[in-house]
Every structure is written in structure tokens, then in C-alpha cells.
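Have a look at the structure first, then read on.

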Protein chains: 2
Amino acid sequence: MLRDLIEKNRSYRRFKSEIKLRPEQIESWIDLARLTASGRNMQPLKYAIVTDEKLCGKIFPFLGWAGYLSDWKGPAEPERPVAYVVVLKDRLISENHYCDDGIAMQSILLAAVEDGFGGCIVGSVNKSKVSRLLELPAHLELLWVLALGKPAEEVVIDTAQDDIKYWRDEKDIHHVPKRPLNEVLILKK
Amino acid sequence: MLRDLIEKNRSYRRFKSEIKLRPEQIESWIDLARLTASGRNMQPLKYAIVTDEKLCGKIFPFLGWAGYLSDWKGPAEPERPVAYVVVLKDRLISENHYCDDGIAMQSILLAAVEDGFGGCIVGSVNKSKVSRLLELPAHLELLWVLALGKPAEEVVIDTAQDDIKYWRDEKDIHHVPKRPLNEVLILKK
């Protein structure tokens, strides 16, 4: 059921780095994103898959992790992502990608979760450094980086009271406060 | 399997308007969107559910339909959406909703498809008119309208050659050309 997938699809930031991902598996997830809705059906999004260990290691320092966990500098080496999908907009196709990026990345992550993996949308990216590292041509604008792997952490959903900042408890469980349904529904007619 | 859901989740613009949707059913879909990833976990999105027939009728003229089908003025009365979800950003929470809208709407539409319904993300919306009609306060910015109902059309995915414009054949089947996988993958390392 979709509900199970969505509940399981948390933003995972710590992974079992000994469990690798084959590019072909990630391709099958992107193949789903390819079939999703796109504003004016322009489909300007492109995807770079990185599974090479060395290259993953070079991308890692250009990513920012979990802004609210100010004491945490991101996953330690044995818990780093084993793959990345760099999500790009091809400006030769369109300057406007509407909300295609969210649609596509949600689809990729749900597919990853279905296959027993998981990931996190990273928005805090040194885009120029990553673009240079991957030798991306200028017309491909880096939008997001998806960090991927086999999750090595427990993430639980709490009901938000006032504060929506995620946090970790003494057992290292990651808590994410989500606003209750009655707070996000503003009208029913 | 997620693949089946994603393949079935087409942008439907014609519906069996005699088959209604209860607000509670739509609420269960929004409850999934509520649990999805949100930039900085801010969760600024809010949702207005409209199932009232009269109000749906008033919203309809403020929507633009299928830009590439220039001869088609949108669904005729027996094929109009039976419900709308108006997706809003609460500016008192955040001015930036990142790609939360795509993530949330993809989740809602996948949930709708799983329940035998479907819909379409409508971006061509007379936002000020719809906002006034629903008496939305100024801090709620209208982002998108989801048109919902029981699909009454067949939508097929083709492999895009050069043209990505969707079209309808002589049997009234809606064709959507999607770029092939090798075109959207720009690098594999």
C-alpha cells in the first residue's frame, strides 16, 4: 500500500555504507520519474547517477547535512551515502521546471524505499563545485542532490506541537514533527 | 507495485462526473502528503478541499486546460472534475516552499489512483479569482489546483521522438510523449 511506502520514506542521512547500489538499480527508479507529470510536458529534468566510491567521496564535502542538528557534521565515513543522483534542469529545454523536481524526486525515493533502500533530498549543495567536479556543461543547472543508500538509522514521525525542528533522542533515533491533519486543512466545502 | 501506480497516474482531464468524491476520502490522501518530506521540515503547505457541486462549478471557469490542445476548451459538463484540492502556501510559516508542492501533489495523486480515482495538476489558474471565491486570507498563496474525479479517458505514454506535445488520436485517446531513459540520463559514473 502507498501509505506504508510513504511512512517508510523518511529523509535518511545515515546509511550502511558496506551495502552498495548498482547504477542499473538507480536507473530503474529514474525510469519511473521519467514517466511522471511534467509542466507543459516539457521534461527538462536530467539525472546524473554517481556510484563510484571515489567520486562519491569527492561529492560528500560539498553537501550540507540536517541544518537543525547543529552539533552534527553529517554522516561519519561508515554511514555515508553509497550513491548520488544529481538532479539537473536542462535550460536548453526549458528555463521553468515548475514542480517537476518534487514530483520526480518523490517518485525516485518511493521506488528506492520499495527496493529496501532510501535517501534524502539535499538542497544545501555547493552547486558550482559539484558541477565542476562532474564536468557538467553550463546548460545543465544543478537543482538538488539525492543521497542514497541502505538506511542505518531509525526515523520516527511525531505530531508537531509548536516546534517543527527535527531532533535526535538519547537512543539516536531521529524524530520528525509533522503538523497534524487539522492544521494543514484550512477549508472543507 | 509502485511502477503500476506511477504508470496509471496520468494527468486526467476528463472524469465521470456522476461518480462523486467524499471530502473524507480526499482527506486520507492529504494525510499522506502531510507525512512527506518538506524543505527544512517547515511544512508551509495547506490544502482546501472542495467537493460541493456548486462551488466546483464556480471554480471551473477559472482553470485553463491542456494548453497544447488548442481546439479543446476543457472537459464538457458531464466530464468535469467532481472535486478540487487547492494547494496553498502559508506565508506566515515560510516564504519558500522549495519543491514541497511537487512532492505533496505526487503523493496525493498516487493515493487517488490507488483508490481508483485520478486527477491533474492545474497550473493555469486565475489565482486571484479562486482565492476570492474561497475567501482565502492574504497569507495563503494559491500555488496549484488539483482537479480530481473518476477518470473517463484513456491516456497512453508514447516514446518521444522530437515533439513532446501531448495530443489526441481519432479514437479520443490522449497520447503523452515521454523522453526515453537514455535522454534523461546524462552521466553514469
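D31(B) and R3(A) make a salt bridge, and their closest N and O atoms are 3.1 Å apart. The term salt bridge is used here for a side-chain nitrogen of Lys or Arg within 4 Å of a carboxyl oxygen of Asp or Glu. Side chains of opposite charge can pair when their charged atoms come close. Across the interface of chain B and chain A, the rule picks out 2 salt bridges. Search the whole structure, over all chains, and you get 28 salt bridges. D31(B) sits in helix 2 of chain B and R3(A) in helix 1 (residues 2-8) of chain A, so this pair joins two chains.

A word on what you're looking at: this is a predicted model, where local features need pLDDT of at least 70 and side-chain atom pairs count only at pLDDT 80 or more, while totals for chains, interfaces and linings use all residues. Residues are numbered from 1 along each chain as its sequence is written, chains are lettered from A and ligands numbered from 1 in the order in which they are written, and side-chain values use heavy atoms, with hydrogens and water left out.

Now for the interface as a whole. The table uses contact for heavy atoms within 4.5 Å. Buried area is the accessible area (1.4 Å probe) that two parts lose on being put together, summed over both. A polar contact is a pair of N or O atoms within 3.5 Å; within protein, one must be able to donate a hydrogen and the other to accept it, and residues adjacent in sequence count only if both atoms are side-chain atoms.

| Chain B with chain A | Value |
|---|---|
| Residues in contact | 67 residues of chain B, 67 residues of chain A |
| Buried area | about 5,900 Å², 61% from carbon and sulfur atoms |
| Polar contact (both at pLDDT 80 or more) | 32 residue pairs |

Which elements of chain B give two or more residues to the side that touches chain A? They include helix 1 (2-8), helix 2 (23-33), helix 4 (100-114) and strand 4 (140-149). Helix 4 of chain B gives the most, with 9 residues. Helices (H or I, at least four residues) and strands (E, at least two) are DSSP runs, numbered from the N terminus.

The strands cross between chains too. Strand 1 (residues 45-50) of chain A pairs in the parallel sense with strand 8 of chain B, over 3 bridges; two strands pair if DSSP finds at least two bridges between them. Within this pairing, Y47(A) has L185(B) as its bridge partner.

There is also an open sheet of 5 strands with mixed pairing, in the order 8(A)-1(B)-2(B)-4(B)-3(B). Strand 8 (185-188) of chain A and strand 3 (118-122) of chain B stand at the edges with a single partner strand each, so one side of each has no neighbour in the sheet. Strand 3 and strand 4 of chain B run antiparallel and are joined by 5 bridges; G118(B) has G149(B), in strand 4, as its bridge partner.

Chain B has another open sheet, with 3 strands in the order 5-7-6 and mixed pairing. Strand 5 (155-159) and strand 6 (167-168) are its edge strands, each pairing on one side only.
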